[in-house]
Amino acid sequence: MPYREPTIEFDGIISINSKLRSLFTNYLEPVSFAILAIAVLLYILSGHGKVKIWVLFLTNILSAIAMFLASTKVIPSVNNILEYDILLLVTSVGLGTYFFIFFHSRIHKWLSLLLATGGAVHFFIRDLHYHDTATFDSIGYYVVSLYIIMLVFIAFRRFLKDNSGLSITREFDFWVMMSLFIHRVGSITIFLSLYALTNMVSKEEHSVSVGNLWAGQNIFLLLSSLSLLAGVLWINLQKK
C-alpha cells in the first residue's frame with residue numbers, strides 16, 4: 001500500500017481482522033506479481049522463449065521486487081512512494097515494449113512506444129528532477145491504466161480478426177490481455193478515488209480509506225494473476 005502518513009496504532013494484541021487487512025493492503029501485491037512471473041516462466045519453460053515473453057517476465061519480476069521493498073516499509077512507517085513510482089515506470093516501459101513487439105501495425109506500434117517513452121519521461125520529471133515523492137501518483141496510475149485498457153481493446157480486436165474460427169483461448173497473448181483487462185478495469189476507478197481521498201479527507205481517515213481501496217485494487221491484481229496462471233495451465237493441458 002502507498003505509505004506517506006503515520007498509520008493508525010492499535011492498542012493491545014492486533015486482531016485477526018487487522019492482520020487480514022494488512023495482508024490484503026500490504027502483501028498481496030508482491031505475491032500477485034510473483035504469481036504473474038511464475039505463470040510467464042511456466043510458459044517459457046514449455047518451449048516459448050520469444051523476446052516479448054521474456055520482456056513480460058522481466059517486467060513482473062521487477063514489479064514483484066519493487067512491491068516487496070514497498071511492503072517492508074509500511075510497518076516501520078517509512079515512505080515507500082518511490083517504489084510505487086518505480087512500479088509505474090516498470091509497468092509503462094515493460095508493457096509498452098511488450099505491446100510494441102505484439103502489434104504489427106505501424107500506428108499501433110507508435111501508440112505502444114508512446115506508453116513506454118511517456119512513462120520514462122514522467123518518471124524523470126517527477127522523481128529525478130522534482131524529487132516529488134510526498135504523495136502517491138494516483139493520476140499517473142489512472143492515465144497509464146486508461147492507456148493500457150485502450151491497447152488491450154485494440155489487441156482484442158486483432159484477436160477477433162486474426163483468429164476467426166479458431167480457439168483464442170489457446171493463445172498466450174489472449175490470456176495476457178485478459179489479465180491486464182481484469183486488473184486495469186477493476187483498478188481504474190480506485191486510482192481516481194485515491195486522488196480525491198488524498199485531497200479531501202483528514203490524515204486518519206486517509207489511512208483507513210486508502211487501505212480499504214488499496215485492498216480492492218490488490219484483489220483485482222490477484223485475480224488477474226490467477227487468470228494468467230490458469231490460462232498458461234490450460235494452454236499446456238491442450239497440448240498434451
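A search of the whole structure finds 4 salt bridges. The model is predicted.

**Asp173 and Lys52**
- The side chains of Asp173 and Lys52 form a salt bridge, with an N to O distance of 2.6 Å.
- Asp173 belongs to helix α6 (residues 172-200) and Lys52 to helix α2 (residues 51-71), so this pair ties together parts 121 residues apart in sequence.
- Both Asp173 and Lys52 are buried.

**Glu83 and Lys73**
- Glu83 is joined to Lys73 by a salt bridge whose closest N and O atoms are 2.6 Å apart.
- Glu83 lies in helix α3 (residues 81-102), whereas Lys73 lies in the loop between α2 and α3, 10 residues apart.
- Glu83 is buried, at a relative accessible area of 9%, while Lys73 is partly exposed, at 24%.

- In the salt bridge of Asp85 with Arg126, the closest N and O atoms are 2.9 Å apart.
- Asp85 is in helix α3 and Arg126 in helix α4, so the pair ties together parts 41 residues apart in sequence.
- Asp85 has a relative accessible area of 2% and is buried; Arg126 is also buried, at 8%.
- Through shared partners, salt bridges join Asp85, Arg126 and Asp132 into one network.

**Packing of α4 and α5**
- Residues of α4 including His108, Leu111 and Ser112 meet residues of α5, among them Val144, Tyr147 and Ile154.
- The contact residues comprise 9 nonpolar, 2 polar and no charged.

Notes
Residues numbered from 1 in each chain as written. Predicted model: local features only at pLDDT ≥ 70, side-chain atom pairs only at ≥ 80, totals over all residues. Heavy atoms only, no water. Contact = heavy atoms within 4.5 Å. Helix = DSSP H or I, 4+ residues; strand = E, 2+ residues; numbered from the N terminus. Nonpolar A, V, L, I, M, F, W, Y, C, P; charged D, E, K, R; others polar. Buried < 20%, exposed > 50% of the residue type's maximum accessible area, 1.4 Å probe, protein only.
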